[in-house]
Amino acid sequence: MRLVFAGTPEPALPSLQRLIDSPRHDVVAVLTRPDAAAGRRGKPAPSPVAKLALEHDIPVLRPAKPNSDEFVAELSELAPDCCAVVAYGALLSERLLAVPVHGWVNLHFSLLPAWRGAAPVQASLAAGDEVTGATTFLIEPALDSGPVYGVVTERVRDTDTAGDLLGRLADSGAALLESTMDGIAEGALTAVPQPADGVSLAPKITVESARIRWDLPAHVIDRQVRSVTPNPGAWTMIGDLRVKVGPVAVDLSRDLLAPGEIRVERNAVLVGTGSQPVRLGQIQPPGKKLMNAADWARGARLEESVRAS
């Protein structure tokens, strides 16, 4: 099939590479978000998907308004049989969705109808799901509600961060997307409507939602921190200093501490929660790199009255 691939961030790369390498499909163009500021100087830089496409001499489309008349006409001229989508990052109009013969097929990193929205992996981790996965479905105007072509499942590990889990799903999901494209080309796949029950939402993670609430139980804090690692990163105030916090470990061997109470030991920094204390792993003070929490605390010489909040 003639394919246009729509995607922007790094997790879309395995899918794009598989479709480029597939002898059964021809990626005639890549659709991605416009170049964005990157690095310390904030110079515009192409998205990871754009970079990979350019390495393979594939035309890159970067419309600021993908639903405009001009872009609908441009896509129509390409005459794609299907558009494959992985984390493109923009809503698509009905006119645009109608251009390819077989529509737009999205790879979504959850087992739909669970966790529709922008942050399914983060939501799954924060909720404590034991199993998650990826789904290919036909895009409709409503959010992640279209009929399903296929799924793969993935067990969630106790120490998974969002980065860990998304990396595995990006790889297994790429194989699923390729097999879905194969099945559509053969006429062997029929999309099945999603069930009405089991719908849950995964809105975009905000910086404020990544702030640690120390009054919550330790196991909830553990999941929350891992769900926003590496991006945008969990954070807390320690006194009047805002610091990023890496994954924590629930410590069942220590005495209880009040929520936000900090205890600095020789080789550990403990913080009280709504249940057991947690042991901090790494901390990133403003303008510095991640460092061992105990090393940071010794250098910071925290006063006993200082709390995390």
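Which residues in α5 are buried? Keep that in mind as you click through this predicted model.

**Stop 1: α5.** Select residues 120-127. P120, V121, Q122, A123, S124 and L125 are the buried ones. That makes six of the eight residues in the helix, so α5 is largely enclosed by the rest of the structure. Now show the surroundings: the buried residues pack against β7 (104-108), β8 (131-138), α6 and α7 (218-227). Step off the end of α5 and you land on G128, with a positive phi near 80°.

**Stop 2: two cis peptide bonds.** Most peptide bonds are trans, but here are a couple of exceptions. Go to the loop between β7 and α5 for P113; the bond into it from L112 is cis, with omega near 15°. Then jump to the loop between α7 and β10 (234-238), where P232 lies. The N231 to P232 bond is cis too, omega near 0°.

**Stop 3: positive phi without glycine.** Most residues other than glycine have a negative phi. Select D57, in the loop between α2 (48-55) and β5 (60-61): its phi is positive, about 55°. D57 is exposed, with a relative accessible area of 71%. Finish at A87, in the loop between β6 (82-86) and α4 (94-97). Phi of A87 is also positive, near 55°, and at 35% relative accessibility A87 counts as partly exposed.

Note on methods:
Residues are numbered from 1 along each chain as its sequence is written. This is a predicted model: local features need pLDDT of at least 70, side-chain atom pairs count only at pLDDT 80 or more; totals for chains, interfaces and linings use all residues. Side-chain values use heavy atoms; hydrogens and water are left out. Buried means under 20% relative accessible area, exposed over 50%, partly exposed in between (1.4 Å probe, protein chains only). Helices (H or I, at least four residues) and strands (E, at least two) are DSSP runs, numbered from the N terminus. Contact means heavy atoms within 4.5 Å.
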